[in-house]
Amino acid sequence: MNKYLEQLIALSKLDKEIDDFAPRIAKVEKMLKLSLDKERELKLQVETFAADIADAKLKKGKNEAHLAELSAKLKDISKKSALVKTAKEIKALQLEEEISKEQCDFANDEINRLDKIIGLKQTNITTLEEKIAEASSESESIKTSIDSQIQAIEEERKGVYQAKEELLSDMSQKILTFYEKIRKWAGNSTVVPVKKQACYGCFMRINDKTYAGVMKQDDIVTCPHCGRILYKEIEEAKA
Ligand SMILES: [Zn+2]
C-alpha cells in the first residue's frame, strides 16, 4: 500500500478516537449525575414530608389550646349554672354548654386526624431515609468506579495523542495539509472505505476507473463526488 495512504488511514483513525474521548467521559459522568439526582430527589421528598409534619403539629397545637379554653369555659358554665335562677338563663347556659361540647368534639377529631397524618408522614420519612442511605452508598461506589474508569480513559487518551504525534512527525506537510483541508468539512469521515464500489462518505457509486485505483492502493484516490480520501476496505480484502 502507498505509504502516504497508510498514514492517512492511521491518522483518521486516531483523530476519530480522540474525538470519541469526550463523549465517553461524559457518558461515564452521566451515570454519577443520575445517581446523585436520585439522592437529591429523595431528600427533597423528605423535606416536603417534614414540612407537612411541622404544619400538622402547628395545627394540632392550636386545637389543643382551643380545647384548654373550652374546658375552662365549661367549668365556668357549671359554676354559673348553680347561680342562675330563671328558666331563660338556664336555657341560655345549656345552649352555651352544648356548643362548647360540640367544639370540643370537633377539636378532638381534628387532633386525631392530625396525629394520623403526622404518623403516616413519619413512616414515609423513615422509608425514604432508608432509600437515601442506599442511594448514597450507590453514588459512592459509582464515584469510585468512575474515577478509575476516567483514569483509564485518560491513560488511553495519552497513548493516542502520543501515537498521533509520532505519526505526524513522520508525515509530509503537504499530505497533512491536504488531509486537514478535507477534514475541515468532512470531520471524522475524511478518510473512508469503499464498499460495494461506493464511497462510504457520500454513499455514491464510484466509476470503474476510480474503483480500480482504490483497489490497487498505489496512490491517494479521492471520491469524484465528494472529494473524501478513499481506501480499500480491509474486510473486502480478506474476502
Ligand atoms: Zn464520496
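This is a predicted model: local features need pLDDT of at least 70, side-chain atom pairs count only at pLDDT 80 or more; totals for chains, interfaces and linings use all residues.
Local features require pLDDT of at least 70 and side-chain atom pairs pLDDT 80 or more, while totals for chains, interfaces and linings use all residues. Residues are numbered from 1 along each chain as its sequence is written, and side-chain values use heavy atoms, with hydrogens and water left out.

**Largest pocket**
- The largest pocket holds about 170 Å³ of space (a pocket is an open set of points on a 1 Å grid where a 1.4 Å probe fits, with protein on both sides within 12 Å along at least five of seven lines).
- Its lining (residues with an atom within 4 Å of a point) includes Ile9, Lys16, Asn188, Pro193 and Tyr231.
- Helix H1 (3-83) and strand E1 (191-195) each give two or more residues to this lining, and H1 supplies the largest share, 4 residues.
- Helices are DSSP runs of H or I with at least four residues, and strands are E runs of at least two, numbered from the N terminus.

**Leu168**
- Leu168 belongs to helix H2 (residues 87-170).
- Leu168 is partly exposed because its relative accessible area is 28%, between the limits for buried (under 20%) and exposed (over 50%) with a 1.4 Å probe and protein chains only.
- Leaving aside residues up to four places away in sequence, Leu168 touches Leu11 and Leu176 (heavy atoms within 4.5 Å).
- Leu11 is 157 residues from Leu168 along the chain, yet their C-alpha atoms are separated by 8.1 Å.

**Annotated span**
- An unreviewed UniProt entry lists residues 198-230 as "domain: C4-type zinc ribbon"; such annotations may be inferred rather than shown by experiment.
- Residues 198-230 are 27% helix and 18% strand, and the end C-alpha atoms lie 10 Å apart.

Definitions and conventions
Grid points are joined across faces, edges and corners, and a volume is the space filled by probe spheres set on the points.
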